[in-house]
Amino acid sequence: MTETVVSSVPAARRTGEPGRLWHTFCDMNTVSRGPEFVVARAEGVWLWDSSGDRYLDGTASLWYCNAGHGRREIADAVHRQMTLLDSYTVYGDFANLPALELSERLAAHAPVADPRVILTCGGGESIDTAAKLARRYWAVTGKPEKTHLISRTGGYHGLHGIGTSISGMERFRAGYGRLLEDTSVVPHDSAAALEAEILRVGPENVAAFFAEPVVGAGGVYLPGPDYFTEVARICDRYGVLFVVDSVICGFARMGNWFGIERFGVTPDMVVFAKGVSSGYVPLGGVVVSGRIADPFWNREGNPFMHGTTYAGHPSACAAAMANLDILEREDLFTVALEVERHLDGALRTLAGHPLVAEVRSGLGVMGAVELTEEALTERGITTADVFAEARSRGVVLRPVPRALLVSPPLIITWEQIDHLVSTLAASLDAVSSR
Ligand code: PMP
């Protein structure tokens, strides 16, 4: 068999000339001068770079590798599927068996009434799908003026057109000219603020409210105990569709299928991606309640004219099915709740560190360690400094402007959690004493 896996850095990359890969979310002015951090191999919670050095993956890549790296059975499932049927569209009346099977399985577990499943290739694509569907739902049920979309501070919903427009982080909205204008952002911790905003805009104009169960990329902000019960009541009262973005929180990261089950509410739509396939192959989607689907499914001549080429990709669905088998067989749902407790306890030991303002954790396998205002402004310490120090010590974390985030694979052991946290502590010390 021909060796098709690239196992060394391309020769052109070793000459000191700028490379050709334009990294996402990256100042290429710095990185193009190299060297890049080339991840060559991964197994379980471990990564190896192209020099053979080993790192603990404290972020499960981008919050997605829930089952851990190197799961041969996912690779085998994809191989089997690709040999049988590589890919085929689900446009029109076309279907494929993995897409049908995955939809049934997700529907069986979704906290959504009478669910239907739209498949996509990722989170941002799913958000735009959900937002367009919300607007179409109101248009076809005689309320075309209901278009306004409300999201939350710190909310991250991908960076497609609508996801950019509803970002709860100004830095992702600025600089592109005019985005969707009938949108607004409310504080993530206040159901009363949502109600006030719906009343300000006029319920007759509001299509949907978007919220992550736990604000993820925005900095791991946990909801108060009654927040979602209140939100669900408010959305219901004013006829606003409640869309939960479970892209990070789904598939056992919060000990259940879609994260939002922790709060006992039933949204109109749930958006998912990442952990559904543990990221082995890109896949996402939207679980839609029967009520929202009804005018499209049960009325003639009313299709939802939306979709993308690779939606329902059978090989991606096969990867997801194998991944879900692992989550269920190893009961990573229960395991995650134990990891959540241990990670929370370990991260909280950092709360007394002089550079640390706050530790946020304890809901899901994720956490944020926020630096003090003094460290960030007066001392000019950046989270990128701490990130770089930790990586040089063999632990990968994720820096956001004010905090270091962690979201390891769910198979992480207590010993590995302690290693992650003690390396973070040592990195804070090192950065502080420079
Ligand atoms: N929603 C949430 C909550 C996310 O965290 C992300 C990605 N980090 C997205 C949507 C976008 O997903 P993608 O990058 O696959 O478009």
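In which order do the four strands of the open sheet lie? The order is β1-β2-β3-β13, and the pairing is mixed.

This is a predicted model, in which local features need pLDDT of at least 70 and side-chain atom pairs count only at pLDDT 80 or more, while totals for chains, interfaces and linings use all residues. Residues are numbered from 1 along each chain as its sequence is written.

View 1. β1 (39-43) and β13 (395-396) are the edge strands, each pairing on one side only. Strands are DSSP runs of E of at least two residues, and helices are runs of H or I of at least four, numbered from the N terminus. Two strands pair if DSSP finds at least two bridges between them.

**View 2. The pairing of β2 with β3.** Strand β2 (residues 46-49) runs antiparallel to strand β3 (residues 54-57), with three bridges between them. Leu47 has Tyr55 in β3 as its bridge partner.

**View 3. The two domains.** Domain 1 covers 11-70 + 331-432 and domain 2 covers 73-329; the bounds come from an automatic or database domain assignment. Taken over C-alpha atoms, the domain centres are 27 Å apart.

**View 4. The side of domain 1 that touches domain 2.** Domain 1 brings 25 residues to the contact and domain 2 brings 23, where contact means C-beta atoms, placed from the backbone, within 7 Å. On the domain 1 side, α2 (60-63), α12 (332-348), β11 (356-361), β12 (367-371) and β15 (403-406) each supply at least two residues. α12 gives the most, with five residues. This side of domain 1 has 16 nonpolar, six polar and three charged residues. Ala, Val, Leu, Ile, Met, Phe, Trp, Tyr, Cys and Pro count as nonpolar, Asp, Glu, Lys and Arg as charged, and the others, Gly among them, as polar.

Note on methods:
Two residues are in contact if their C-beta atoms, placed from the backbone, lie within 7 Å.
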